[in-house]
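Please walk through this structure with me, one feature at a time. Keep the viewer open as you read.

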Amino acid sequence: MKGVFDSSNKETGSCLEHYYSEGWVLIKNFFDYEKEILPIHKDINNLIDLKRKSIGLRGLDSAEKTINNESFLDLCSVNRGAAGQVYRACRHLPSTLSLLTGAKCTSYAKLLMKTDYLNLIPYVPIRADIKGEEKYLLNWHQDYPYIQGSTNSVVIWTPLFNQKLHEGGVLVVPGSHKAGIRNVRILDPQNKNNKNGGSSIEMAELSEFDKAETVTSAVDVTDALVFDTLLVHKSLP
């Protein structure tokens with residue numbers, strides 16, 4: 001598939017050219033599973049364990065290496081608010097911040113941004129999309145209106161489990177970053193309606209992308225989907 005590169009080729013001319021022209025690249029084997037991904041699983045399990053015990057549910061087995069999805073979904077069914085607290089706490093985990101600030105991410109971002117200096121957002125968003133809760137998925141959008149900072153910014157998206165084709169993930173519009181910042185419409189300025197910050201605004205001209213050329217791909221754990229902050233994309237169910 002065009003746009004997919006192994007980590008050993010992530011700095012080649014063809015990879016960089018694709019990123020600048022199309023606004024995205026998929027880098028295979030970008031992260032180390034044992035050293036960089038599993039620590040995130042452990043931290044999230046700790047959050048699930050603490051929250052379950054705090055509301056009288058059975059805790060998790062401390063020997064588990066990967067996120068206990070069943071225990072999280074059970075927490076959702078018993079106390080959705082408590083599960084939401086776990087979700088929000090994931091943004092500030094030491095393991096995710098270490099991933100963001102590590103040389104692997106920062107050096108590649110510098111290369112793509114053509115700069116020697118970086119600013120970083122102070123948290124790492126982790127999505128937990130659940131079947132039946134499609135209202136929380138993001139429609140067509142750019143990341144810039146939510147994150148802001150610089151228009152010359154890089155987004156690095158990676159799954160914590162293998163993401164199969166058409167089972168979640170991201171759908172992108174290649175080359176859409178070249179049009180610059182898109183107009184947005186304010187829907188819920190106080191975020192009162194559904195407490196979903198991602199739905200407080202939307203792109204003003206959504207119909208433009210109804211028949212647009214799009215790309216999606218399976219993304220395995222340790223892969224990195226890297227894209228421009230102005231690239232138009234959306235969440236898939």
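The largest cavity has a volume of about 100 Å³. A cavity is a set of points on a 1 Å grid over the protein atoms alone where a 1.4 Å probe fits but cannot get out. Grid points are joined across faces, edges and corners, and the volume is the space filled by probe spheres set on the points. By this rule there is 1 cavity of 30 Å³ or more. The structure is a predicted model: local features need pLDDT of at least 70, side-chain atom pairs count only at pLDDT 80 or more, and totals for chains, interfaces and linings use all residues. Residues are numbered from 1 along each chain as its sequence is written, and side-chain values use heavy atoms, with hydrogens and water left out.

What lines the largest cavity? The lining has 13 residues, and the closest to the cavity centre are Val170, Val215, Thr216, Ser217 and Leu225. A lining residue has an atom within 4 Å of a point. Strands β2 (24–28) and β4 (170–172) are the elements that give two or more residues to this lining. Strands (E, at least two residues) and helices (H or I, at least four) are DSSP runs, numbered from the N terminus. By type, the lining splits into 9 nonpolar, 4 polar and no charged residues. Here Ala, Val, Leu, Ile, Met, Phe, Trp, Tyr, Cys and Pro count as nonpolar, Asp, Glu, Lys and Arg as charged, and the others, Gly among them, as polar.

Now move to Phe30. Phe30 sits in the loop between β2 and α2. Why does Phe30 count as buried? Its relative accessible area is 4%, and buried means under 20%, exposed over 50%, partly exposed in between (1.4 Å probe, protein chains only). Beyond four places away in sequence, Phe30 touches Ser7, Lys10, Lys104, Cys105, Tyr108, Thr222, Asp223 and Ala224. Contact means heavy atoms within 4.5 Å. Ser153 lies 123 residues from Phe30 in sequence and 19 Å away in space, C-alpha to C-alpha.

Next come the rings. A pair of aromatic rings is described by the distance of the centres and the angle of the planes. Rings of Phe, Tyr and Trp (its six-membered ring) pair if their centres lie within 6.5 Å; planes under 30 degrees apart count as stacked, over 60 as edge-to-face and the rest as tilted. The count is 4 aromatic pairs. Phe30 and Phe31 have ring centres 4.8 Å apart and planes at 80°, so this pair is edge-to-face. Both residues are buried. Phe30 also pairs with Tyr108, at 5.9 Å centre to centre and 55° between the planes, which is tilted. This pair links distant parts of the chain, 78 residues apart, with Tyr108 in helix α6. Phe30, Phe31 and Tyr108 form one aromatic cluster.

Stay with helix α6. The axes of α5 (residues 94–101) and α6 (residues 103–113) come within 4 Å and cross at roughly 35°. Axes are lines fitted to C-alpha atoms, for helices over the stretch in contact, and angles run from 0 to 180 degrees between N-to-C directions. Leu99, Leu100 and Thr101 in α5 meet Ala103, Cys105 and Thr106 in α6. This contact holds 4 nonpolar, 2 polar and no charged residues.

Two serines complete the tour. Ser71, in helix α3 (residues 69–78), is buried at 11% relative accessibility. Ser235, in strand β8 (residues 233–235), is buried at 13%.

How values were computed:
On a 1 Å grid over the protein atoms alone, a cavity is a set of points where a 1.4 Å probe fits but cannot get out, and a pocket is an open set with protein on both sides within 12 Å along at least five of seven lines; lining residues have an atom within 4 Å of a point.
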